[in-house]
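Below is a short walk through one protein structure. Please keep the sequence and the coordinates open while reading.

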Amino acid sequence: MEKIRRASHAGSWYTDNPNKLSEELDGWIRAAGLPKSSDVRGVIAPHAGYSYSGRAAAYAFGNIDPTNITRVFLVGPSHHYYTPKCALSTATVYKTPIGDLPIDLEVIEELKATGKFELMNLRVDEAEHSMEMHLPYLSKVFEGHPVKIIPILVGALSAENEAMYGKLLAKYVDDPHNFFSVSSDFCHWGSRFNYMYYDKKYGAIHKSIEALDKMGMDIIETGDADAFKQYLSEYDNAICGRHPISVFLHMLSNSSTKIKIKFLRYEQSSQCKSTRDSSVSYASAAAKVDA
C-alpha cells in the first residue's frame, strides 16, 4: 500500500510552483558550471531554505552523473526528534513538486533486519527538513533516470554508534549503483544559536567563523572520523549534520572503494560583524572515487 510523505516544506522553505522550482534549480546548476562525473559517488550539501542555501547546494548536486546510479541513500540529522539511533522512513514514496521519489523497500527491509535501526512515523518524517531539502535537487538531477531512495534519519549518536553504523553501511559504498546524499549546514553563529566562538586574530567575526568552518572542512577532506570528533569536542562548532558526516566518514574508511571528499563551495547567510549578528554557514562537497 502506498504511504506518501508529503513535501511538507514546499511553499515555505522553497517554492511549491513546479515550473518556478525547476527553473531555479536549473539556473543554480548552470551557474555552478561543474562537469558531471560518474566518479562522484556522494555529496555533502546544506539543507536551509533555498533562498539561503539553494545556490551553494548546486555545487554539490551539479557534479552528479545520473547514468549508472539506481539508488540514493539520503542521510540527514534529526532536528526535532530525539533518538540515540538511526531511524528509517515508513513511507513508500517521497513527494516533491517536480516529481516523486520511490523508496527502496528492499534495502529498508535489509537494514531493518540488522536490528540496529528504529522506525520514524510519518509525523516525525514530515516535520524534519534536513532530508526534504535535498529531494528537489535529486529529483531534478535524476530526471528521466529511475532511482529509488533510502532515507536514514541520524539521531544523537555516540562515537561508538557512529562507527557501528558506518561499518554496517560501508558495503553499500562498494556498489557503484549507490549514491550518498549527506545533509548538513555548517556553523550556526550568534546568541540565538547559543554559539559565539570568536578568535580575534582573524579580525572580523565572519572571518573567524570562516576559519573555524574551513578547519572542519579540511579535516573532513582527510577522511579521518576521529580527527573530526576531536575538532568538534575542542571547538564545539555548531555543525548540525555532525553525526551524518561522521557516519559517512566511517562508511568511506570501511569500504574497499577509495573515495575522497572535496569541498567545492563555502558561503555564509550573512557576514557577522558584531555580537548582535547571526549567521549560518553552508558548505558543499563531492565525494569522488580516488583513482
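The model is predicted. Two packed helices are described by the angle between their axes and the distance between the axes. Here helix α1, residues 18–32, packs against helix α2, residues 50–61, at an angle of about 50°. The axes of α1 and α2 are 7 Å apart. The two helices are therefore oblique to each other, and their crossing is right-handed. On the α1 side, the contact is made by L21, L25, W28, I29, A31 and A32. On the α2 side, Y50, G54, R55, A58 and Y59 take part.

The cysteines come next. A search of the whole structure finds 0 disulfides. C86 counts as buried because its relative accessibility is 1%, and the limit for buried is under 20%.

The last stop is T257. This residue sits in the loop between α9 (242–254) and β11 (259–268). Which side chain does the side chain of T257 meet in a polar contact? The partner is the side chain of D174, at 2.6 Å. Apart from neighbours within four places in sequence, T257 is in contact with D174 and also with R41, V173, L252 and V289.

Conventions
Residues are numbered from 1 along each chain as its sequence is written. This is a predicted model: local features need pLDDT of at least 70, side-chain atom pairs count only at pLDDT 80 or more; totals for chains, interfaces and linings use all residues. Side-chain values use heavy atoms; hydrogens and water are left out. Helices (H or I, at least four residues) and strands (E, at least two) are DSSP runs, numbered from the N terminus. A polar contact is a pair of N or O atoms within 3.5 Å; within protein, one must be able to donate a hydrogen and the other to accept it, and residues adjacent in sequence count only if both atoms are side-chain atoms. Contact means heavy atoms within 4.5 Å. A disulfide is a pair of cysteine sulfur atoms within 2.5 Å. Buried means under 20% relative accessible area, exposed over 50%, partly exposed in between (1.4 Å probe, protein chains only). Axes are lines fitted to C-alpha atoms, for helices over the stretch in contact, and angles run from 0 to 180 degrees between N-to-C directions. Angles under 35 degrees count as roughly parallel, over 145 as roughly antiparallel, 65 to 115 as roughly perpendicular and the rest as oblique. A crossing is left-handed if the near helix is turned anticlockwise from the far one by less than a right angle, and right-handed if clockwise.
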